[in-house]
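Here's a quick tour of one protein model, taken a few residues at a time. Keep the 3D view open and click along as you read.

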Amino acid sequence: MKNIIEKAWLDSYNYIDYMALVSKLIKEGKSTGHTQSEALLHYSQLNEARVKRLDKTIEIDVTVAQALKEIEQPLDWLVIAEGWCGDAAQILPILNKMALQNENINLRIVLRDNHIDLMDLFLTNGSRSIPKLIILDGTTKETIADWGPRPEPARKLIADYKVKHGIVDEPVKIELQKWYLQDKGLTTQQEILDIVNEYLFKPQDTFTQRISSSIE
């Protein structure tokens, strides 16, 4: 696991460079990822506009910001994403602003299709769902936890709709975007802070150790 994560980290982007890459590809009529289509280009264009808006409007909750500022232990946040992913467009601006609260938090972004071996370590119910945040101890490089692809209320919204209708179609995608708009990133902030706090109070209980224990 460590070798796969280290390899992905070396091929990762900071937030500004990631968004610059997405914009460059859009100007070339392309999206990130190995598959190219008009639909993926269209989603990438929508997401670029969405990210620019969120960069200006998303605010970190005062309580969350204070808790983040008090973190003394280095943390690496590695996010698996793609430019065409609507959830990634909603989540990445939040993660970036959270990371900016403390220089001990190092945010990097890696493209899913370029690192399927990494993605397959962090599946969601067997699916290569993104975005996926991998939280690492910045000193030991041990994997602490992972989060994603959506905050719990958004996950439930999609899951309930799929149970009822059997598909994830455009109407529920619109409802999902409305949920993100109304939530203003607060649920995502709190869920991630809860994960970090749990580790800081239980530093010995790493993701790698939990996986090893379950195998034994």
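This is a predicted model: local features need pLDDT of at least 70, side-chain atom pairs count only at pLDDT 80 or more; totals for chains, interfaces and linings use all residues.

Setting aside neighbours within four places in sequence, proline 131 is in contact with Val79, Ile80, Cys85, Asp87, Ala88, Ile91, Trp147, Gly148 and Pro149. One of those partners, Asp87, gets its own section below.

**Proline 131**
- You'll find proline 131 in the loop between α6 (116-119) and β3 (132-137).
- Is proline 131 buried or exposed? Its relative accessibility is 2%, and buried means under 20%, so proline 131 counts as buried.

**Aspartate 87**
- Aspartate 87 belongs to helix α5, which covers residues 86-99.
- With a relative accessibility of 8%, aspartate 87 is another buried residue.
- Which side chain does the side chain of aspartate 87 make a polar contact with? The partner is tyrosine 180, at 2.6 Å.
- Beyond neighbours within four places in sequence, aspartate 87 also touches residues including Ile130, Pro131, Arg150 and Leu176.

**Asparagine 47**
- Asparagine 47 sits in helix α3, which spans residues 38-57.
- A polar atom of the asparagine 47 side chain lies 3.3 Å from the backbone oxygen of cysteine 85.
- Apart from neighbours within four places in sequence, asparagine 47 is in contact with Gly83, Trp84, Cys85, Gly86 and Ala89.

**Where α2 meets α3**
- Helix α2 (residues 15-27) and α3 have axes that come within 10 Å and cross at roughly 140°.
- That crossing is left-handed.
- On the α2 side, look for Tyr15, Met19, Ser23 and Ile26; they meet Leu41, Ser44, Gln45, Glu48, Val51 and Asp55 in α3.
- What kinds of residues make up this contact of α2 with α3? There are 5 nonpolar, 3 polar and 2 charged ones.

**The nonpolar core**
- As background, nonpolar side chains in soluble globular proteins tend to be buried together.
- Here, the largest nonpolar core has 63 residues.
- The residues with the most contacts inside that core are Trp77, Leu92, Leu95 and Leu118.
- Helix α5 supplies the largest share of this core, with 8 residues.

How values were computed
Residues are numbered from 1 along each chain as its sequence is written. Side-chain values use heavy atoms; hydrogens and water are left out. A nonpolar core is a set of buried Ala, Val, Leu, Ile, Met, Phe, Trp, Tyr and Cys residues joined through side-chain atoms within 4.5 Å. Buried means under 20% relative accessible area, exposed over 50%, partly exposed in between (1.4 Å probe, protein chains only). Helices (H or I, at least four residues) and strands (E, at least two) are DSSP runs, numbered from the N terminus. A polar contact is a pair of N or O atoms within 3.5 Å; within protein, one must be able to donate a hydrogen and the other to accept it, and residues adjacent in sequence count only if both atoms are side-chain atoms. Contact means heavy atoms within 4.5 Å. Axes are lines fitted to C-alpha atoms, for helices over the stretch in contact, and angles run from 0 to 180 degrees between N-to-C directions. A crossing is left-handed if the near helix is turned anticlockwise from the far one by less than a right angle, and right-handed if clockwise. Ala, Val, Leu, Ile, Met, Phe, Trp, Tyr, Cys and Pro count as nonpolar, Asp, Glu, Lys and Arg as charged, and the others, Gly among them, as polar.
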